[in-house]
Amino acid sequence: MVPILLYHGFTDKSRHDGIENYHGKHLYIKRFEEQLIYLKKNYNIISLAQLMAFYVEGKPLPRHPVLITIDDGYRSNYSLAFPVLKEHQAPACIFVATDFIDQKSCLWVDRLEYAFSKTEKTSLGLDLGGQKHHFDLNSMQARKETDKRVKSILKAMPSVEAARAVDGIEEQAQQALSMAAGDEIYAPLSWEQIREMQASGFVTIGSHTCSHPILAHCPEEKIKSELAQSRRRIEEKTQVPCDYFSYPNGQKGDFNNAVKAQLIASGYKCALTTMIGTNGLKTDHYELKRLNIHNSGDLGGFKRSLSGFGRFLRAIKNGSFFRAQLAQY
Ligand SMILES: [Zn+2]
């Protein structure tokens, strides 16, 4: 079973202002380095190309393989993570949303977090999907709850409506995250940084669409263009084939058979989800599972999530999970 680790951004701050990074999407860089040292000692960090050569051509994998993947395309992948990856000679695949790299727009989840973190309003009345909602912003805890609730409502909406809702929220909150504002944590990589990382031989670039929509909520034409145009843009800017894809949000229900068919038609060789699990011989190449690494817990928690998962899967296989271990997981 091959575990694929999922990271997003990195930070050199141990504390953040407001509700910034409350969900732990940006990992403290010292924690990442500790994890990498542990992985180098106990696992063999392989590339996605090695995993696909195993699946497609039957090429053997080293013992205890593990993969590092990073979604979205934050600048901290270059400024903080890349030096660490190089130092420890660890390969990684970075999946970028091309509109973000092209600086057309910040990621919508970040725009919401920023608006709820910075607004001077103490409450907001919002019309979302034809329903009126009232959100409390009176305390940091209330702002976190509001951010979580609004994100989950928007994730269930058609992509065009969700995008319009984000504009409306920024307007009401009177706070809008902009590329020019220089909020480092939310900033994207540049194409130059991408090319430099790729040229090092340690980093592979994959597509994460153009505008990061939930593909199952998009009409067919939009699915087609998000998959084909992002691939074309990456290839045009890097001059290297772009064969790998990761689904925005990536849970069951965020993609469907129409999306998978389009991925194959667009020439992608595999696609990665955010569904938790490791990958075996029979895993669908267009539904590869990952383990999401958050900025919480110590190295012990990281080790447990890697090895604990193996135990969990073995326990399910031999049935003991249901007899004795249910409470643990
Ligand atoms: Zn993403």
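1. Confidence. This is a predicted model, so the first thing to look at is its pLDDT, the predictor's confidence in each residue. The average for the protein is 90, and 93% of the residues score at least 70. Residues 320-329 have a pLDDT below 50. In the model, this stretch has eight contacts beyond near neighbours in sequence. Where pLDDT is low, the predicted coordinates should not be read in detail.

2. Domains. The protein is divided into two parts: domain 1 covers 4-103 + 186-296, and domain 2 covers 108-177. The C-alpha centres of domain 1 and domain 2 are 27 Å apart.

3. Contact between the domains. How many residues does each domain bring to the contact? Domain 1 gives 12 residues and domain 2 gives 16 residues. On the side of domain 1 that touches domain 2, six residues are nonpolar, four are polar and two are charged.

4. Geometry of H1 and H3. Two packed helices are described by the angle between their axes and the distance between the axes. Helix H1 takes in residues 29-42, and helix H3 takes in residues 76-87. Their axes come within 10 Å and cross at roughly 20°. Angles under 35 degrees count as roughly parallel, and H1 and H3 are therefore roughly parallel to each other. The crossing of H1 and H3 is right-handed.

5. Residues between H1 and H3. Which residues meet here? From H1 come Ile29, Phe32, Glu33 and Leu36, and from H3 come Leu80, Ala81 and Val84. By class, this contact of H1 with H3 has six nonpolar residues, one charged residue and no polar ones.

6. Geometry of H9 and H10. Helix H9 spans residues 220-238 and helix H10 spans residues 257-265. The axes of H9 and H10 are 10 Å apart, and the two helices pack at an angle of about 40°. That angle makes H9 oblique to H10. The crossing of H9 and H10 is right-handed.

7. Residues between H9 and H10. H9 contributes Glu220, Ile223, Lys224 and Leu227 to the contact, while H10 contributes Ala258, Val259, Gln262 and Leu263. Sorted by class, the contact of H9 with H10 holds five nonpolar, one polar and two charged residues.

Notes. Residues numbered from 1 in each chain as written. Predicted model: local features only at pLDDT ≥ 70, side-chain atom pairs only at ≥ 80, totals over all residues. Domains from an automatic or database assignment. Contact = placed C-beta atoms within 7 Å. Nonpolar A, V, L, I, M, F, W, Y, C, P; charged D, E, K, R; others polar. Axes fitted to C-alpha atoms, helices over the stretch in contact; angles between N-to-C directions. Helix = DSSP H or I, 4+ residues; strand = E, 2+ residues; numbered from the N terminus. Parallel < 35°, antiparallel > 145°, perpendicular 65-115°, else oblique. Left-handed = near helix turned anticlockwise from the far one by under 90°. pLDDT = per-residue confidence, 0-100.
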